[in-house]
Amino acid sequence: MRLSEMRLKVFCSLTFSIHVPVILLLLCFNIEGAYFLGSATPVTNGNEADRQALLEFKAKIRGDPLGILRSWNDSVHFCQWRGVKCGPGHQRVTELVLEALSLNGPISPYIGNLSFLQVLNLADNSFIQELPQEIGRLHRLKKLTLNGNLIGGEFSSNISGCSKLTPLYIENNLLHGEIPAALRHLSNLKELSFQNNTLSGSIPPFLGNLSSLEVISLTQNRFYGVIPEALGQLKNLTFFSVSSNEMSGMVPSSLFNLSNIRALDIGLDENKFTGRIPSFRKLEQLQIFNIYGNLLGSHGANDLNFLCSLTNAISLRYVVKAYNKFGGILPECIGNLSTAITFFTMDYNNIVGRIPVGYGKLINLEFLYMEGNNISGSIPSAIGRLQKLRWFNVAANSISGVIPTSLGNLKMLIKLYLNDNNLQGQIPPSLGKCKNLNALDLSNNNLSGSIPSQMAGLSSLSILLNLSSNCLTGVLPFEVGKLRNLGILDVSQNMLFGVTPKDLGSCVSLELLLMQGNFFHGSIPSSLSSLRGLTNLDLSRNNLTGKIPEFLVTFGSLHYLNLSYNNFEAAILVFSLAFLCWFRKNRKFPASATEENAFLKLSYQSILKATNGFSLETLVGKGSFGFVYKGVLEETQTIVAIKVLNLLSHGASRSFLAECAASRNVRHRNLVKILTTCSGVDYNGNDFKALVYKFMANGSLEDWLHRPVGTNKGEEAAKKLKLFPKIECGSWCWLRIRVSSSSL
């Protein structure tokens with residue numbers, strides 16, 4: 001028997017007569033005997049140390065809008081404070097869980113004094129600055145979750161002291177630097193996620209020695225180099241994601257020997273992996289396979305042979321191989337893939353041949369993208385068996401033949417893109433049975449015959465109906481008046497005739513109405529005066545007559561108007577309309593509130609003042625590329641929302657340019673208006689970019705989707721958001737769209 005054990009045994013026997021059984025039990029079974037021996041006083045001191053550590057943690061909190069920490073006072077024992085959990089015997093803090101409570105401020109270094117802490121969860125708040133080095137003193141810590149904060153700096157090298165950690169989640173923060181070598185000491189680590197930070201460097205090979213690892217998620221950082229071959233040693237690995245980085249080289253063949261892997265995600269944005277894809281024969285549990293946007297394949301005839309080895313993956317749900325260099329034909333073995341597949345994309349490769357009939361066997365398929373290839377042949381009628389299909393896109397190929405009538409069986413279909421092909425024949429009236437369809441594009445084909453009234457009156461169409469550049473004849477059906485929610489109607493470049501139906505005036509949501517290049521005659525109906533949201537109206541190159549209606553002058557949103565090559569009477573009005581369009585484009589608006597904001601020139605200094613120095617009190621949200629502040633412009637006292645780009649975040653500059661480009665080309669009543677932009681340098685000489693929006697006072701999308709803590713039932717009912725048709729974003733939006741609801 002060791003000396004320390006003998007001392008403990010003797011001490012326990014001697015104190016039996018003078019201590020109550022409860023105290024004796026605590027003393028005899030506490031493994032840190034040196035600290036607790038003697039009396040109960042040190043236990044009290046230990047409790048007091050925990051209490052003081054919690055109060056120091058509270059003292060660092062700068063914002064607590066929900067009043068969560070008000071309970072942290074002397075009226076109750078600290079073990080009953082909100083978010084605090086203590087062990088049943090020693091009354092020491094074992095868990096601190098303060099998830100999604102809108103707290104902001106730095107994490108106090110006194111957190112390291114909670115020596116019995118096993119669980120620390122501060123996710124989805126606004127904690128700032130660096131993670132304190134004292135975190136390494138939490139030797140009992142098993143779970144660390146800090147997702148969705150503003151924690152920056154390099155990751156603590158003292159993390160090696162937390163050797164019992166199993167999950168380590170620090171997603172959606174501002175960490176930079178490299179993955180610290182100290183992680184090599186976390187031998188119990190099972191789940192590691194640094195997703196959506198600005199970490200850089202190469203992925204360290206030592207991760208392959210952490211044999212317990214099951215999850216590695218390094219998505220959306222700035223990692224470069226190759227995937228270490230050593231990761232093929234992780235026999236327990238189930239999830240591996242390095243998408244949206246700057247990595248290159250070949251994908252190690254050893255990864256394809258990991259029989260437990262369920263998700264293999266190396267796609268999106270700046271990764272440029274090359275080479276061929278090995279066999280998936282051993283990956284029987286694979287569910288997600290994403291290689292989007294790389295340089296995989298060689299435009300060769302055998303590039304897609306690996307698809308047949310996927311037939312072993314009986315639970316496969318997502319296959320994303322768009323924007324690569326794959327050539328060859330789609331093998332017929334596709335029909336033998338898992339019937340669990342819901343998402344299959346292969347757009348923008350160099351795939352040739354026909355669409356396999358076997359797709360009709362994938363009965364749970366919801367999204368099928370083949371756009372931008374060289375696929376030929378006809379659309380198999382078997383596609384009509386896919387009763388759950390929501391999105392079918394085979395645009396920009398060389399597909400010929402007729403549109404199968406079986407597509408009318410797709411009752412769940414919401415988007416159908418068959419444009420830019422060589423389709424012939426008539427538009428099947430059966431498409432009118434697709435009662436959930438909101439976007440239909442059949443443009444740039446060789447379709448003929450009349451427009452079916454069943455389809456023209458499909459009231460679910462709300463985004464787009466594009467039939468342009470075909471050989472359609474007949475009249476524009478009056479049923480188009482049922483398209484009250486439609487945004488874009490394009491029937492240009494056909495051979496349609498007859499009068500412009502007055503029922504078009506019922507399409508009050510129209511923004512683009514394009515009817516040029518047909519044989520319409522008669523006058524412009526007065527009912528079109530109700531289309532006050534039009535931004536583009538083109539009726540040119542028809543046989544229209546009569547007077548040009550004066551109501552067109554009152555259309556305040558109209559940016560493009562073309563009535564040329566018709567037989568109108570009022571040449572003076574034509575000149576007036578032309579002058580009006582020029583005037584709207586070139587005039588300087590009066591300095592009234594809203595109109596002035598559209599032409600504001602804001603400096604870094606004015607934005608700094610508007611946000612009170614980017615104070616936490618003005619912070620209203622954050623996203624992948626920056627932070628959103630509520631500000632008051634000094635010149636006009638206008639309340640605005642200011643999105644400040646974090647230029648250290650990978651893709652932020654590109655996001656700024658994309659939003660600027662989109663704001664020039666996109667106008668919609670449901671999109672927040674961009675008032676101006678600011679691009680320059682701050683007081684330290686660093687690049688500074690910001691977007692200034694109209695401030696929307698109804699709160700964020702996050703508050704509408706998820707009831708904040710403290711909201712009563714009356715408020716919850718008043719703010720309930722209805723989404724129809726219901727789309728399971730959790731199962732598919734992750735593939736391309738990253739949205740922070742708190743920033744919208």
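A salt bridge is taken here as a side-chain nitrogen of Lys or Arg within 4 Å of a carboxyl oxygen of Asp or Glu. In the predicted model, five salt bridges are present. Arg51 takes part in one of these with Asp74, where the closest N and O atoms are 2.4 Å apart. Asp74 is exposed, its relative accessible area being 62%.

Arg51 also meets the side chain of Glu48 in a salt bridge, at an N to O distance of 3.2 Å. Here both partners, Glu48 and Arg51, are located in helix 4 (residues 41-59) and are three residues apart, about one turn of the helix. Glu48 has a relative accessible area of 33% and is partly exposed.

A further salt bridge is formed between the side chains of Glu95 and Lys85 (4.0 Å, N to O). Glu95 is in strand 2 (residues 93-97) and Lys85 in strand 1, so that distant parts of the chain, 10 residues apart, are linked by the pair. Through salt bridges that share partners, Glu48, Arg51 and Asp74 are joined into one network.

Notes:
Residues numbered from 1 in each chain as written. Predicted model: local features only at pLDDT ≥ 70, side-chain atom pairs only at ≥ 80, totals over all residues. Heavy atoms only, no water. Helix = DSSP H or I, 4+ residues; strand = E, 2+ residues; numbered from the N terminus. Buried < 20%, exposed > 50% of the residue type's maximum accessible area, 1.4 Å probe, protein only.
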